[in-house]
Protein chains: 2
Amino acid sequence: MLEATSEQRARANQAAVAAMLAAEPVIVDVLSALDALPGMTPNTILTSGAPMAWPEYEGGQRRAILGAAIYEGLAATVEEADKLLHEGKIVVRACHDYGCVGSVTGVTSASMPVWVVEDRVSGSRGHCLVYEGGDRERLTYGVWNEKVHQRLIWIREVLAPQLAAAVRATGGVPVKPIIRRALGMGDDLHSRNTAATAVLFQQLYGPILDANGFNPTTREVLAFLSQNELFFLHVSMATGKCIADVAAGTPHSSIVTAMTLNEKQFAIRVAGAGDRWFRAPIPVLNAKLFDGIGPEDIAFMGGESLITETVGLGGLAAAAAFSLQDYSGGTPQGMVETTEAMYGITHTEHPLWKIPFLSFRGVPFGIDAELVAKTGVTPRIHMGAALREGGHAGAGLLIAPEGPFQEAIAVLGSTVSAH
Amino acid sequence: MLEATSEQRARANQAAVAAMLAAEPVIVDVLSALDALPGMTPNTILTSGAPMAWPEYEGGQRRAILGAAIYEGLAATVEEADKLLHEGKIVVRACHDYGCVGSVTGVTSASMPVWVVEDRVSGSRGHCLVYEGGDRERLTYGVWNEKVHQRLIWIREVLAPQLAAAVRATGGVPVKPIIRRALGMGDDLHSRNTAATAVLFQQLYGPILDANGFNPTTREVLAFLSQNELFFLHVSMATGKCIADVAAGTPHSSIVTAMTLNEKQFAIRVAGAGDRWFRAPIPVLNAKLFDGIGPEDIAFMGGESLITETVGLGGLAAAAAFSLQDYSGGTPQGMVETTEAMYGITHTEHPLWKIPFLSFRGVPFGIDAELVAKTGVTPRIHMGAALREGGHAGAGLLIAPEGPFQEAIAVLGSTVSAH
């Protein structure tokens, strides 16, 4: 039924990728998830990955979801929250189905503030929580405690309103030029956002001061923005979702529009198969861990920062970010080989986002599930690593499993010659 | 007389380089040249390069020196200034002899504000004018007109006092960590200072606001600091001078302590030969020029930003700054080869300043004139290009001439075996 001629597939992929490249993502606001996300409700908690039934969440995602229920005042205790989740009085949904993406656990509840990134061309919007800070213990990394709780309140009550006022005053902050500059300054825009954070700061400090004045509170906000090197990651993610969704639903297209993790599964969507997830168990993460942490200490707890790879960044742009050796391991030669391999499974090269070491060749852009299925080469993904008991543990390289891409192509139908 | 055994030379070079590496350069103040530079007088005008007699300055340096005389109120007209310079009532001296370095023309007069960078270990101080801005027309690039004049007044009256207040409030800004970070973000700290400027901004915006409040004037100052990508260059240069001077005067040492240009000559100093300049005509600059500018339009007008190469940055760190292709031309492979070649003429590798693409190998550090003379490989220097009639024209790569290094070794004396 879905079967397409090779010409139809080629035209569909061309259209899907052209639309993504034409997008002009702009930060337009910072709003509560309830106000920003279509369909969001006060008792909905979003989390990373293809959705599972509540009892299947057993690790960091479970802890973070329970924490969010308390944070929202939906339950007084973890036990009560668990009961309400079992009864369906609190519901768990997939971020991706609400125009949102989440980092690691990705837990996003109604009152939490999200970046709103809008494509000025199509109107597509992508969202992602405002970055939670560099502390190893965060809800993002599956930790719920009083310190985490207080920081979330500070983000909601202090940081987000100031950011929102500043962003509105600018009339919108275009993201493509920031990413272009950051790729020229050693960022991959996934595991490394040091330069993008600095460039965003150069653009936002003025509007923040203009909109909020200079006082002890703005001082805290400016310090938070300038001292957290991964602050821009969540803007990068919202931008990726905004761009990828432009292609979603293109009939016959085998272009990947989402890659995501829950605690147990890696999953993808392709443009021509709508909202259907293609899932597989998560492969081993080849990670560089912080001192004192061993492989037995880490566990998956979801993650959707892979949306950056979906739009040509992260692992696909590894050859732009040699400084990542420090954080996530690997070698410069390996990083070049990673990016080179990705040209073999992508539709084109980005005309604006370029890699200095490759003589300013554009990043590989538009992962084509058909090329993945044909070559057996799968996306290389830069990823943070989480402690089993919660907390940030390091970072590394994840090589996507082949199965979901093959399954997607099976569902889309192999292309048949038109002649 | 100066002749040394090979063992003496080796010990001397080891000591010279160890002292440079031990330096802890810190931005401690912004002062007028008169207040900062030992021996400076109100009617002294400093300029780049080994000194020449006044009539020998014929191009951009001449125009800038005449402009500075008017700026200082030493003369009302260019003609009067020329007369006073001929009569020796205004004197022209070499920046390097006053603990200072200058960009391109390097013209530095009494009331102009300079960065003060102090080595906390030895007390050595290096100085360099505060960056004049990104406009193509500047005194730095041999232009004197009313717009240039007004900008210099703004720098003196508005920018410098705010910077000084901020720097003093911090108790000193250590420079080595900023350079370390910037090398990991694509800067060479000579032709590219984009990252270092952003990092410095993240450190100084707070003290600037604390010391000066938030008002239309601080707004201008913060905009100037965040929008001029080369703003940090003059800090990098003052730092280079501060570090190189720690080694100056080490008996028997063949380590290079200065490389500089006037309009006509390339010149160096080596640690064991004190203040003596070794000179040669300037070779051809292989430059990438801004659109509409041809090789016939450019001319040398001095330059001492080569002090960055003297301490392992600029061309020596080319493999850290692949984004320079855009600005100064070249290829990534050529940049890697440039840095690789420099390991052959330097004493060691910097333990803190590292190049991501070379698996975090330290930058080549401590140019040894003896190795240059032996191998015929000369320093590769990143440089700005100037319009003959004044103005910024582009940037490129200068390959130093061999003569001065050979002459320095002849004067130091070839090493003779101690056995």
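## Exercises on the interface of chains A and B

In this predicted model, 28 residues of chain B are in contact (heavy atoms within 4.5 Å) with 28 residues of chain A. Residues are numbered from 1 along each chain as its sequence is written, and chains are lettered from A in the order in which they are written. Local features need pLDDT of at least 70, side-chain atom pairs count only at pLDDT 80 or more, totals for chains, interfaces and linings use all residues, and side-chain values use heavy atoms, with hydrogens and water left out.

**Exercise 1.** Describe the area that chain B and chain A bury between them.

Step 1. Buried area is the accessible area (1.4 Å probe) that two parts lose on being put together, summed over both. Step 2. For chain B and chain A this comes to about 2,700 Å². Step 3. Carbon and sulfur atoms hold 59% of that area.

**Exercise 2.** Find the salt bridges across the interface, and the elements of chain B that touch chain A.

Step 1. The rule (a side-chain nitrogen of Lys or Arg within 4 Å of a carboxyl oxygen of Asp or Glu) finds 4 salt bridges between chain B and chain A. Step 2. One of them joins R181(B) to E229(A), with the closest N and O atoms 2.7 Å apart. Step 3. Elements giving two or more residues to this side of chain B are α7 (194-212), α8 (216-227), α11 (325-328) and α12 (332-342); helices are DSSP runs (H or I, at least four residues), numbered from the N terminus. Step 4. The largest share, 8 residues, comes from α7(B).

**Exercise 3.** Explain what the salt bridge between K176(A) and E24(A) ties together.

Step 1. The side chains of K176(A) and E24(A) meet at 3.5 Å, N to O. Step 2. K176(A) lies in helix α6 (residues 176-183) of chain A, and E24(A) in the loop between α1 (6-22) and β1 (25-32) of chain A; strands are DSSP runs (E, at least two residues). Step 3. The pair therefore ties together parts 152 residues apart in sequence. Step 4. Over all chains, a search of the whole structure finds 40 salt bridges.
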